[in-house]
Amino acid sequence: MLRTRQQALTQYQQQLSLILNCVANAEVYSYPSGPDTYVLVSRDRSNSSQLKLKRGRHTLYLDAHQIIQIFDADNFRISTVKYIYVLWDFRPNERVIDWHYHRRQKNSFEAHLHIRDDAQRTGHPLVSRHIPTGRVPLEDVVRFAIDEMNIGSRDSNWKNILLQTEAIFRANRTW
Amino acid sequence: MTTAFNTQHEENPQLTTKEAFEFFDAAVRERLHISGQEFLQRREEFKSNPHYETLMFMVPLTVHAAD
């Protein structure tokens, strides 16, 4: 049983850190952006604002940030208000894919992904379109990176770590 | 440029207002080579930059900087 908002926040930060450290040398910081909302931002311990992911001799990059709300009256339940997860190619300034969740803007879907082609190589009709998704747990982004993008894991126990943190996420989700 | 936050090495730390702005500023400098303040003033010019959405997501780090 959590007793304080700070405990809830610290525990949540630790979970995010565990997830991200499956693929990067990540540190996660929080900052109160409102009375009950917090920005959670990650960066690489090598002093880069982007997390560095290893794929063979290449380094890809990941941005992973969230805004959360903590409900004190509901046992300090944490709800994700917004997220942005961006996977970058090893080529500078080229995104591969990004996942967004935020309040509806114009006609976009609240939870969606974008396939990117910043160098305009493919001309694929879905590039940069809002492709609807369910809300995507950060664990799935890390799984995608390892299983589909061949990013090297930094922890041989990464599958169990993600299962454990995701179980907490699924137990607390309200949607 | 080396930017260190919470130098007492606290695990999962909370940023102070000053540190939060420095975090934002460092990210902007690294990606766009301008200051965080300049980005806030000229953000519309960077709408087509691939880093725009990530940096805009971090703008709440600056909310209390002017208090």
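The dialogue below reads a predicted model of two chains, from overall make-up to single residues.

Colleague: Before we look at any feature, how are residues, chains and ligands labelled, and what pLDDT do local features need?

Modeller: Residues are numbered from 1 along each chain as its sequence is written, while chains are lettered from A and ligands numbered from 1 in the order in which they are written. Since this is a predicted model, local features need pLDDT of at least 70 and side-chain atom pairs count only at pLDDT 80 or more, whereas totals for chains, interfaces and linings use all residues.

Colleague: How many helices and strands does chain A have, and in what order do the elements of chain A run?

Modeller: The elements are DSSP runs numbered from the N terminus, with helices being H or I of at least four residues and strands being E of at least two. On that basis chain A has 3 helices and 8 strands, and from the N terminus on its elements run α-β-β-β-β-β-β-β-β-α-α. Chain B, by contrast, has 3 helices and 0 strands, and follows the pattern α-α-α along its sequence.

Colleague: What radius of gyration does chain A have, and how is that value read?

Modeller: The radius of gyration is taken over C-alpha atoms, and the globule rule is 2.2 Å times the number of residues to the power 0.38. With 175 residues, a compact globule would have a radius near 16 Å, and chain A agrees because its own value is 16 Å. Taken along the principal axes, the C-alpha atoms of chain A fill a box of roughly 50 × 40 × 25 Å.

Colleague: What percentage of each chain counts as buried?

Modeller: A residue is buried if 20 or more other C-beta atoms lie within 10 Å of its own, exposed if 12 or fewer, and partly exposed in between, with C-beta atoms placed from the backbone. By that count 33% of the 175 residues of chain A are buried, and for the 67 residues of chain B the value is 28%.

Colleague: How many residues of chain A are in contact with chain B, and which elements do they come from?

Modeller: The size of an interface is often given as the accessible area lost when the parts come together. Here the interface is given as contacts, two residues being in contact if their C-beta atoms, placed from the backbone, lie within 7 Å. In those terms 21 residues of chain A are in contact with 21 residues of chain B. On the side of chain A, the elements that give two or more residues are α1 (5-20), β1 (26-32), β2 (37-44), β4 (58-71) and β5 (77-88). That side has 8 nonpolar, 10 polar and 3 charged residues, where Ala, Val, Leu, Ile, Met, Phe, Trp, Tyr, Cys and Pro count as nonpolar, Asp, Glu, Lys and Arg as charged, and the others, Gly among them, as polar.

Colleague: At what angle do α2(A) and α3(A) pack?

Modeller: Axes are lines fitted to C-alpha atoms, for helices over the stretch in contact, and angles run from 0 to 180 degrees between N-to-C directions. Helix α2 (residues 138-148) and helix α3 (residues 158-172) of chain A pack at about 160°, with their axes 10 Å apart. They are therefore roughly antiparallel to each other, a term for angles over 145 degrees. The contact is made by A:E139, A:V142, A:R143 and A:I146 of α2(A) and A:W158, A:L162, A:T165 and A:E166 of α3(A), and by class it has 4 nonpolar, 1 polar and 3 charged residues.

Colleague: Which residues of α1(A) meet α3(A)?

Modeller: The axes of α1(A) and α3(A) come within 9 Å and cross at roughly 150°, which makes α1(A) roughly antiparallel to α3(A). In this contact A:Q15, A:L18 and A:I19 of α1(A) meet A:I161, A:L162, A:T165 and A:I168 of α3(A), and the residues divide into 5 nonpolar, 2 polar and no charged.

Colleague: Is B:A27 buried or exposed?

Modeller: B:A27, in helix α1 (residues 17-32) of chain B, counts as buried because it has 24 C-beta neighbours inside 10 Å. Leaving aside its neighbours within four places in sequence, B:A27 is in contact with A:S49, B:L55 and B:M58.

Colleague: What phi does A:N47 have, and what phi does A:N150 have?

Modeller: Most residues other than glycine have a negative phi. A:N47, in the loop between β2 and β3 (51-55) of chain A, has a positive phi of about 75°, and A:N47 is exposed, with 12 other C-beta atoms within 10 Å. A:N150, in the loop between α2 and α3 of chain A, has a positive phi of about 60°, and A:N150 is partly exposed, with 13 other C-beta atoms within 10 Å.

Definitions and conventions:
Angles under 35 degrees count as roughly parallel, over 145 as roughly antiparallel, 65 to 115 as roughly perpendicular and the rest as oblique.
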